[in-house]
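My entries follow in the order I looked things up.

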Amino acid sequence: MIADKMRPLVENNSAIRAMFEEGKKMAAVYGRENVYDFSLGNPNVPAPPAVNQAILDIIREEETTFVHGYMSNAGFEDTRDAVAQSLNRRFGTHFRLENILMTVGAASGMNVIFKTILDPGDEVLVFAPYFMEYGSYVRNYDGVLVAVPPDTSSFQPDLKEFEKRITPKTKAVIINTPNNPTGVVYSAETLREIAGILKKKEAELGTQIVLISDEPYRELAYDGVEVPYVTPFYHNTIVCYSYSKSLSLPGERIGYLVIPDEMEDSSKVIAAAAVANRVLGCVNAPSLMQRVIVRCVESQVNLKAYDRNRELLYNRLKEYGFDCIKPEGAFYLFVKSPVDDKAFCQSCKEHRVLLVPGSSFACPGYVRIAYCVSYEQIERSLPAFKKIAEEYGL
Ligand code: PLP
């Protein structure tokens with residue numbers, strides 16, 4: 001009954017989700033406080049109070065049939081205008097509401113982009129390590145995901161390897177900064193170099209290459225590090241944003257795409273993306289959440305809580321002998337595995353520490369620790385990490 005194309009997706013079902021389910025089972029046996037689940041990027045910092053207040057106010061103040069009704073496939077005009085104006089204020093851009101398309105989170109935003117631009121056989125480049133779902137999203141439209149191998153000394157993009165992989169079939173490149181799973185942030189210089197390579201290759205090959213900036217972690221950057229806005233660097237950029245992490249609303253499924261006027265054929269791409277949103281079955285982004293965004297467009301989660309977790313976990317793990325770069329953004333540590341990463345995750349599980357193997361991000365030899373958990377969970381888990389380090393002679 002199941003389609004041939006679907007079978008490998010079921011067989012290789014996300015290791016992250018599998019570990020998360022395992023965590024729930026272990027919690028039932030050992031008690032929640034005795035399982036140290038660092039597997040899923042599910043924010044534990046609550047949504048800003050303004051979000052819940054906005055929901056109450058909207059229900060009281062706005063007309064029910066409007067709040068819960070259909071609207072343009074691209075979203076409510078005032079929501080898109082609020083997003084455009086906020087970006088213009090913060091990043092000096094010049095977007096209009098027409099450049100914004102509200103989406104069902106970043107996952108559907110990426111699907112809308114690929115539905116809009118990919119023909120079968122088109123290649124999409126991505127820098128390893130990367131969020132594994134990209135592979136499924138690209139294959140949904142019969143595209144081919146091509147990974148650029150990582151520079152494990154810094155986890156910054158290896159631009160020589162990148163340039164080598166651009167072919168006449170390259171239709172898009174995905175960047176994700178701040179990055180899941182490494183926490184690195186790309187500097188303005190790096191973005192300039194990426195843009196330079198793409199412009200050179202477009203001219204050389206006579207093709208158009210779309211730079212997709214998948215940025216659900218844009219607001220999660222520490223120590224005042226700048227996360228440069230990508231559209232000023234390169235004309236064919238599409239930004240894919242999500243409020244899943246920035247407002248701690250992953251279950252609400254709300255985000256947006258930015259398709260700038262500078263993009264080749266921009267008005268056609270904008271129109272096609274709205275149709276893609278509809279025919280993929282999303283139709284439009286959740287209406288109540290769109291109403292919330294009008295009121296909370298510049299609200300923020302408490303970043304200090306993640307920063308405190310980052311400092312505690314990073315400093316302790318280094319002290320115990322683990323090898324890891326200090327993340328500048330997002331809420332993940334990407335730690336070198338002393339042995340095969342899958343075997344290491346299994347042995348961490350015996351200490352009730354749940355991690356995700358780097359293989360799940362196309363980067364074996366590392367493990368990901370999601371520190372979007374309570375500070376107390378990190379404190380409680382430290383003796384287990386220490387024991388693991390001792391067991392492996394770190
Ligand atoms: N892109 C990256 C890099 C992510 O880490 C995630 C979720 O963890 C997503 C996209 C999907 O986000 P959303 O919940 O908005 O669909």
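I began with Leu 257. Leaving aside neighbours within four places in sequence, I find Leu 257 in contact with Leu 101, Thr 103, Gly 109, Val 112, Ile 113, Ile 238, Val 239, Cys 240 and Ala 273. Contact here means that two C-beta atoms, placed from the backbone, lie within 7 Å.

A note on the source: this is a predicted model, where local features need pLDDT of at least 70, side-chain atom pairs count only at pLDDT 80 or more, and totals for chains, interfaces and linings use all residues. Residues are numbered from 1 along each chain as its sequence is written.

**Core**

Next I asked which residues have the most contacts inside the largest nonpolar core. They are Leu 257, Ile 369 and Tyr 371, in a core of 118 residues. H6 supplies the largest share of this core, seven residues. Domain 1 (7–48 + 302–391) and domain 2 (49–296) both contribute residues, so the core lies between them. For the record, a nonpolar core is a set of buried Ala, Val, Leu, Ile, Met, Phe, Trp, Tyr and Cys residues joined through C-beta atoms within 7 Å. Buried means 20 or more other C-beta atoms within 10 Å of the residue's own, exposed means 12 or fewer, and partly exposed is in between; the C-beta atoms are placed from the backbone.

**Domains**

I then looked at the two domains, whose bounds come from an automatic or database domain assignment. Their C-alpha centres lie 26 Å apart. Domain 1 puts 28 residues into the contact, and domain 2 puts in 34. On the domain 1 side, helix H13 (303–320) and strand S9 (332–336) each supply at least two residues. H13 gives the largest share of that side, four residues. I sorted the domain 1 side by residue type: 18 nonpolar, six polar and four charged. In this sorting, Ala, Val, Leu, Ile, Met, Phe, Trp, Tyr, Cys and Pro count as nonpolar, Asp, Glu, Lys and Arg as charged, and the others, Gly among them, as polar.

Helices (H or I, at least four residues) and strands (E, at least two) are DSSP runs, numbered from the N terminus.

**Ligand shell**

Which residues come nearest to the ligand? Gly 105, Ala 106, Ala 107, Ser 242 and Ser 244 do, out of 13 around it. A residue counts as near if its C-beta atom, placed from the backbone, lies within 6 Å. Helix H6 (residues 105–117) gives the most to this shell, with three residues. The shell divides into five nonpolar, seven polar and one charged.

**Helix H12**

I checked the buried residues of H12 (residues 287–296). They are Met 289, Gln 290, Arg 291, Val 292, Ile 293 and Cys 296. Their cover includes helix H3 (49–61), helix H4 (64–67), helix H5 (77–91) and strand S2 (100–103).

I found a cis peptide bond between Ala 128 and Pro 129, with omega about -5°. Pro 129 sits in the loop between strand S3 (123–127) and helix H7 (133–139). Another cis peptide bond joins Thr 177 and Pro 178, with omega about -5°. Pro 178 sits in the loop between strand S5 (170–175) and helix H9 (188–205).

Then I turned to positive phi. Phe 155 has a phi of about 60° although it is not a glycine. Its loop runs between strand S4 (144–148) and helix H8 (159–164). Is Phe 155 buried or exposed? Phe 155 counts as buried because it has 21 C-beta neighbours inside 10 Å. Val 283, also not a glycine, has a positive phi of about 65°. I located Val 283 in the loop between helix H11 (266–279) and H12. Val 283 is exposed, because 12 other C-beta atoms lie within 10 Å.

**Asp 37**

Asp 37 is in strand S1 (residues 36–37). With 22 C-beta neighbours inside 10 Å, Asp 37 counts as buried. Not counting residues up to four places away in sequence, Asp 37 touches Gly 23 and Leu 354.

**Whole chain**

I ended with the totals. The protein chain has 15 helices and twelve strands. Buried residues make up 46% of its 394 residues. Among contacts with a separation of 6 or more, 73% join residues 24 or more positions apart. The C-alpha atoms fill a box of roughly 60 × 55 × 50 Å, taken along the principal axes.
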